[in-house]
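I opened this structure to record how its chains are built. My notes follow in the order in which I looked things up.

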Amino acid sequence: MSEHLIEVRDLVVRFHTAAGPVTAVDGVSWYLDRGETLAILGESGSGKSVSASAVMDLIDIPPGEIARGSVLFEGRDLLKLSREERRRIHGKRIAMIFQDPLAHLNPTYSVGWQISEMMTAHGISRAAAGQRALELLRRVGIPDPEGALGRYPHQFSGGQRQRLMIAMALAMKPDILIADEPTTALDVTVQAEVLALLKELQKETGMGLLLITHDLGVVAEVADRVVVMNAGKVVETGTARDVYHNPAHPYTRRLIGAAPGKGAMHEPVATGEPLLRIENLTKSYGAVEALKGISFDLLPGETVAVVGESGSGKSTLARTLLRLEDASGGRALWKGRDLLAMSTRDMFALRRQIQMVFQDPSQSLNPRMSVFQLISEAWAIHPDILPKARWRERVAELLTQVGLSPDHARRYPHQFSGGQRQRIAIARALALEPDLIVCDEAVSALDVSIQAQVIALLDQLRRDLGIAFLFIAHDLPVVRDFADHVVVMQGGRLVEKGTVRQIFDTPKEPYTRALLAAGLDPDPDVQASRRKTRAAPALALL
Amino acid sequence: MLSTEIVGTPEAIAVPRGTAATRVLRMLYRDKLALCAGIFLLIVITCALFGPYLLNDIATRPNLRARNAPPFSLAHGWLAVLGADALGRPLLARIIVASQNTMAVACGAVACSALVGAVLGLVAGYSRGRGGQIIMRLADIIMSFPSLLLAVIVLYMLAPSVGNLIVVLAITRIPVYLRTTRAEVLEIRERMFVQAATVMGASRMRIVLRHILPIVIPTIVTIATLDFAFVMLAESSLSFLGIGIQPPQITWGLMVSQGRSYLANAWWLAFWPGLAIILTTLSLNLLSNWMRVVLDPVQRWRLEMRKTEA
């Protein structure tokens with residue numbers, strides 16, 4: 001048998017919970033060779049991170065327990081080594097980067113100190129470590145590396161922080177780099193840069209890259225081979241191309257089928273008086289202008305998507321329209337009346353007509369209220385909608401409408417999965433029978449297959465009930481399948497607006513084009529050809 | 001993260017049956033420590049309600065033959081099983097009688113300060129206006145003013161009665177609740193579900209009472225139980241200064257401070273009332289711990305489920 005760089009064999013990890021032991025990964029095996037990129041693909045709860053955690057000794061024991069299996073690294077079983085021996089391998093030979101770099105960088109130390117610590121912990125002198133830290137910062141493309149050494153994590157942007165994490169991970173020139181959802185928290189354009197950097201560093205050092213992700217696009221962009229996981233088991237493994245083009249397992253087929261951005265685009269049909277007309281809306285926080293004169297119309301029963309990266313002002317727009325923030329200027333005409341100038345009393349009546357679905361359903365649902373209480377609260381606030389006697393019946397009806405079961409009404413939010421929680425949030429919004437639902441990144445916290453289901457649900461509600469949607473998203477493919485009109489925002493400005501077809505097929509503005517180009521296609525071949533076309537300018541940038 | 005996901009599947013948790021009262025009792029039965037605490041508190045409350053009517057004479061009549069009688073002897077009657085004090089009055093009877101005053105002062109002071117502090121804290125935390133600032137500065141003033149001095153002044157001018165004692169102790173403890181509540185409210189106010197309620201058109205009253213308060217309550221209750229012991233002892237130090245409850249009225253705190261001078265030769269004088277204070281506070285603490293779990297839907301299953309395996 002040939003010697004792999006690292007090999008996980010038949011790993012079984014259990015967690016002992018009060019509800020009994022739960023097998024998180026069940027007989028998982030994979031290997032990684034030098035200079036190769038292996039992606040572990042799976043949705044939340046699939047156990048995709050668990051085997052990497054076992055490699056890095058990050059599993060809490062107890063409640064966790066490694067019941068069986070081995071992790072072979074240089075002929076030794078890591079699971080049988082002592083704590084101290086493993087510590088010497090961690091960081092030095094096997095390094096890891098995480099999804100949220102802000103949470104994994106210590107806010108009280110300068111980044112230079114933190115990168116150096118990585119090396120001094122493995123016995124390198126402070127002077128040499130400082131020298132190497134500077135070198136690393138320069139290599140990962142941090143502007144002004146000398147000055148950056150003395151700065152603190154909060155002074156960097158999300159993409160830069162991930163670069164810092166990469167610099168830290170690479171400090172000891174590890175043989176293996178484990179990246180756990182390294183770009184999930186980043187904007188698409190930044191994601192493309194970080195992935196390109198990883199790829200390039202791998203070429204330089206010949207390290208093995210283990211990438212844990214839920215994103216088919218990321219797999220297509222960087223992975224050589226892919227391991228697909230579902231419910232703690234490996235369902236399929238092969239080269240990225242083979243798995244995408246000839247998926248053997250039904251789960252893989254379903255996952256690939258759920259990837260958004262392939263369906264037919266909507267042709268806007270709605271006509272008539274606009275439901276909502278936004279005129280020259282501005283909002284500033286002190287000297288910072290978050291919205292710089294936004295204007296667009298929303299017709300009854302149509303979906304307008306507002307797309308932009310973080311900091312583009314798209315969420316501020318939603319919050320201003322719902323009067324969660326006060327606008328600095330401009331008008332928003334709701335059926336002809338300016339809702340920004342309405343009194344509290346008029347606004348109360350209007351709340352019924354405009355509802356909102358938030359990004360993270362685990363936070364937008366009060367954890368102390370049962371589903372029944374959550375949904376019926378709408379009628380407690382607006383008693384004229386429904387008499388109390390009919391609440392129970394209507395809650396059951398709404399739950400059925402969003403694809404849940406009526407007896408879920410007695411349960412509490414934490415007893416549901418992310419997708420189910422978002423359905424509850426949608427049911428709550430529907431309880432007020434609104435004309436417009438504002439969705440602020442309503443599906444971005446969800447798994448791909450769940451995302452597709454929720455989008456289908458929203459689409460159906462639009463058709464059945466004629467509800468209009470203002471759909472705020474950073475994810476272009478999702479928008480493509482669902483929206484009638486698209487508004488592209490950048491830095492508080494409206495860059496471009498048009499029908500879906502105009503924006504996706506014939507984008508006029510360079511920013512829109514850049515945004516579209518940065519998005520990752522789930523097809524490895526498409527990504528490969530895109531990589532070729534942008535290879536020259538990308539290298540120049542780095 | 002992983003484990004919560006697994007535990008959190010709807011199928012894993014059966015919806016419990018029965019009325020709310022039987023469900024609560026069943027959950028209390030599951031937590032044996034809380035059950036003991038509950039029973040002990042029930043006994044204390046019974047003593048406080050009926051003790052003085054039954055035992056007041058015995059507890060206040062001196063018996064010089066039984067001066068500092070040691071505990072665990074039935075020579076001076078079963079009520080002297082815990083010993084007798086410097087005037088030969090049986091300690092058990094005195095503890096039972098004293099429970100009324102002690103509980104009245106402690107419950108009253110803790111309840112008043114928690115209620116006022118929480119309400120002011122909610123207002124100060126939720127309103128962004130000047131009202132909140134004024135409340136906080138008032139709290140600063142109370143905190144910077146020595147509480148003992150305040151008590152001395154107030155109780156010197158007013159008669160030292162149970163009612164006045166409650167007022168004085170409550171005022172000095174209000175800032176504790178106020179600051180904690182305000183800090184929690186400031187954090188909860190920014191949570192997404194509060195915004196979701198705003199979007200639905202919920203009034204400020206509704207948001208504060210329905211969405212913010214239920215999350216603050218467990219914290220307030222926990223502080224309140226800890227404060228219970230503090231108030232009992234503060235009351236005894238006021239009695240020591242001669243401005244609290246005065247003999248022949250008795251409280252546990254007063255008994256502890258009276259017994260202090262005999263610690264070397266008759267430890268039981270201070271020990272038994274001290275034990276009563278400790279056990280009461282401990283029971284309240286255990287019970288509040290249990291209540292925190294019961295009030296939290298995410299934790300409640302721990303008490304609703306039978307233990308299947310260790």
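I began with burial in chain B: of its 310 residues, 39% count as buried. A residue is buried if 20 or more other C-beta atoms lie within 10 Å of its own, exposed if 12 or fewer, and partly exposed in between, with C-beta atoms placed from the backbone. I note that this is a predicted model, in which local features need pLDDT of at least 70 and side-chain atom pairs count only at pLDDT 80 or more, while totals for chains, interfaces and linings use all residues. Residues are numbered from 1 along each chain as its sequence is written, and chains are lettered from A and ligands numbered from 1 in the order in which they are written.

**Chain B as a whole**

I looked up the elements of chain B and found twelve helices and zero strands. Helices (H or I, at least four residues) and strands (E, at least two) are DSSP runs, numbered from the N terminus. The C-alpha trace of chain B spans about 75 × 55 × 30 Å along its principal axes. I also checked contacts in chain B between residues at least 6 apart in sequence: 67% of them join residues at least 24 apart. Two residues are in contact if their C-beta atoms, placed from the backbone, lie within 7 Å.

**Helix 8 of chain B**

How many of the nine residues of helix 8 of chain B are buried? I found seven in this helix, residues 192-200, which is mostly covered. Among them are Phe193(B), Val199(B) and Met200(B). I then looked for what covers these buried residues: the cover includes helix 13 (344-351), strand 16 (354-357), helix 14 (361-364) and helix 15 (371-381) of chain A, together with helix 7 and helix 9 (204-240) of chain B. Just after helix 8 of chain B, Gly201(B) takes a positive phi of about 100°.

**Helices 5 and 7 of chain B**

I next examined helix 5 (residues 130-144) and helix 7 (residues 162-188) of chain B, which pack at an angle of about 130° with their axes 9 Å apart. That makes helix 5 of chain B oblique to helix 7 of chain B. Axes are lines fitted to C-alpha atoms, for helices over the stretch in contact, and angles run from 0 to 180 degrees between N-to-C directions. Angles under 35 degrees count as roughly parallel, over 145 as roughly antiparallel, 65 to 115 as roughly perpendicular and the rest as oblique. From helix 5 of chain B, Ala139(B), Ile142(B) and Met143(B) take part in the contact, and the residues they meet in helix 7 of chain B include Ile171(B), Leu178(B) and Arg179(B).

**Sheets of chain A**

I turned to an open sheet of four strands in chain A, with the order 2-1-4-5 and antiparallel pairing. Two strands pair if DSSP finds at least two bridges between them. Its edge strands are strand 2 (20-32) and strand 5 (76-77) of chain A. Strand 1 (residues 6-17) and strand 4 (residues 64-73) of chain A are joined by eight bridges, and Phe15(A) has Gly64(A) as its bridge partner.

Four strands of chain A form another open sheet, in the order 12-11-14-15. Strand 12 (288-298) and strand 15 (337-338) of chain A each have a single partner strand, so one side of each is left without a neighbour in the sheet. Helix 12 (residues 314-321) of chain A packs on the sheet and touches strand 11 (276-285), strand 12 and strand 14 of chain A.
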